[in-house]
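This report describes a protein complex for a reader who is new to such models. Look at the chains below, then read on.

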Amino acid sequence: MTHTIVMRAPAIWNPARVDVESTAERTLDQFLKSVERRALRMAELATGNRDEALDLVQDAMFGFARHYAAKPAADWAPLFYRVLDSRLNDWHRRRHVRSRWLAVWTRNDDDEHDEIAQAPDTNDPGPLLRLAGSEAAHALDAALGNLPLRQRQAFLLRVWEGFDVAATASTMRCSEGSVKTHLSRALAALRRALEDHA
Amino acid sequence: MKTDGPDTSRLPDWTERAKSLLDESAQALDAATLSRLNRARQAALAPRRRAAWLFLPAGLAGACALLLAVGVWHGRRALTTTPAQAPVAASANGNAVNAGDLDMIASGDDMEMMQDVDFYAWLDAQDQDNNG
C-alpha cells in the first residue's frame, strides 16, 4: 500500500477571497478614523464650540459616507474636507443671519456687545517660535480663531492637511487664485497676531 | 481656472511649527471627545451596514421567486404534454389490445385488412348466422 503525501502551499492571504463589502466598510471606517480628530479641531476653530464642532463633523461623516464613499479611496480626503467645508460654511451663514437678527433686538444695548471677546487675546504669550508648547498652542488657537472662515480653511488645508493649491481650491470650491489670496492674507494675519503677542 | 494670486508655493518656516502644534492638539483630545467621535463615526457607517444586510433577504426572496417561477413553468409544461404521451404510456403498460393495434399498424398485410374492415365484419356476421 502506497501513501501519497500531498504538499499544501501555506495559507496566503488572498484579497480576492475577502468579502468585498466588509473590506470597503473597514477601509471607510479607517479613513474616517484617520481624519476625525483633525476635522474636529478644524470645526472647533471655526465654531469655538466643541459640541457644535462634533455635530458638524458627524454631519460631514454622514454626508461623505452617503455621497462619496463609492469614489476611489485616493480621492477621499479632499472630498471629505469638501463636505466639512460646506457644513462649516452653512454653519457660518446661519450664525451670521442669527447674529443679524440678534443685533436688531440688541442694537441699543451696547454694554452687552462683547467686543472684547471678539478681539485677539493680548495676554497671549509671544511669537510662536519662541513660546513653550502649551503657550504656543494657545496663541496659535487664538490667532486661528480670529481669522475669517475662508482664510482659516485655506491655511488649515494647505499647511495642516498638506493639500496643494489645486486640491485646496477644489475642496473649497473656489479658484486657485482665491486660495492663494486667502492663504497669503491668513499667513500675514497670523504672523502679525503672533508677533503682537510678543 | 484662474490661477493668479500671491505666490504661496513655498510656505514660511514657522508654518512647520504651527503644523506640529495642530497635530499635538489633535492627539491630545480627551477620552470623552474621542468616544463621541467614535459614536459619530459608527452612526455615519450604520446606514451602509443596514443596506448591506438588506441584500441578504432580498437575495433569498429573489431566489424563492425564481424557484417558484421555474416550478410553475414545469407544472404547466407537464399538463400540456401528458395527453399526447398517454397512448404510449398505455402501450408501455402492456395493454394487449393496444399492443395488437400497434402490431397491426406495423404489418403491411394487416393494414390491407383494416382497409376492408366492412367486408370482414359482414363475413363475421355470416359465420355467426351459419353457426346460429
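The mean pLDDT of chain A is 81, and 73% of its residues reach 70 or more; pLDDT is the predictor's confidence in each residue, from 0 to 100. This is a predicted model, in which local features need pLDDT of at least 70, side-chain atom pairs count only at pLDDT 80 or more, and totals for chains, interfaces and linings use all residues. Residues are numbered from 1 along each chain as its sequence is written, while chains are lettered from A and ligands numbered from 1 in the order in which they are written.

**Confidence**

Chain B has an average pLDDT of 74, with 56% of the residues scoring at least 70. For the complex, the predictor gives an ipTM of 0.73 and a pTM of 0.61. The elements named here are DSSP runs, numbered from the N terminus: helices (H or I, at least four residues) and strands (E, at least two).

| Chain | Lowest mean pLDDT | Highest mean pLDDT |
|---|---|---|
| A | helix H4 (residues 115-118), 45 | H6(A), 96 |
| B | helix H3 (residues 96-106), 59 | helix H1 (residues 14-27), 92 |

Two stretches of chain A need caution. Over residues 6-11 of chain A, pLDDT stays under 50, and the model has 0 contacts there beyond four places in sequence. Over residues 109-127 of chain A, pLDDT also stays under 50, but the model has 21 contacts beyond four places in sequence for them. Two residues are in contact if their C-beta atoms, placed from the backbone, lie within 7 Å.

**Chain A as a whole**

Chain A has 8 helices and 0 strands, and its pattern along the sequence is α-α-α-α-α-α-α-α. Of its 198 residues, 35% are buried. A residue is buried if 20 or more other C-beta atoms lie within 10 Å of its own, exposed if 12 or fewer, and partly exposed in between, with C-beta atoms placed from the backbone. Among contacts in chain A with a separation of 6 or more, 58% are between residues 24 or more positions apart.

The largest nonpolar core has 52 residues. Such a core is a set of buried Ala, Val, Leu, Ile, Met, Phe, Trp, Tyr and Cys residues joined through C-beta atoms within 7 Å. H1(A) gives the most to this core, with 9 residues. The residues with the most contacts inside the core include A:Ala39 and A:Val57. Setting aside neighbours within four places in sequence, A:Ala39 is in contact with A:Val57, A:Ala60 and A:Leu84. In soluble globular proteins, nonpolar side chains tend to be buried together.

**Where the chains meet**

In total, 35 residues of chain A are in contact with 31 residues of chain B. On the side of chain A that touches chain B, the elements giving two or more residues are helix H1 (20-47), helix H2 (50-67), helix H5 (133-145), H6 and helix H8 (176-196) of chain A. H1(A) gives the most to this side, with 11 residues. The residues of this side of chain A divide into 19 nonpolar, 5 polar and 11 charged. Here Ala, Val, Leu, Ile, Met, Phe, Trp, Tyr, Cys and Pro count as nonpolar, Asp, Glu, Lys and Arg as charged, and the others, Gly among them, as polar.

A:Arg41 lies in helix H1 of chain A. A:Arg41 counts as buried because it has 23 C-beta neighbours inside 10 Å. Leaving aside neighbours within four places in sequence, A:Arg41 is in contact with B:Leu22, B:Ser25 and B:Ala26.

The buried residues of H1(B) are B:Ala18, B:Leu21 and B:Leu22. Seen down the axis of H1(B), these buried residues fall within an arc of 100°, so they line one face of the helix; the arc is that of the directions from the helix axis to the C-beta atoms. The face turned away from the buried side of H1(B) carries the exposed residues B:Glu16 and B:Gln27.

**Two further arginines**

A:Arg152 lies in helix H6 (residues 149-160) of chain A. With 22 C-beta neighbours inside 10 Å, A:Arg152 counts as buried. Not counting residues up to four places away in sequence, A:Arg152 touches A:Leu45, A:Ala46, A:Leu144, A:Leu147 and A:Ala186.

A:Arg173 is found in the loop between helix H7 (165-172) and H8 of chain A. A:Arg173 counts as exposed, with 11 C-beta neighbours inside 10 Å. Its phi is near 50°, a positive value in a residue other than glycine.
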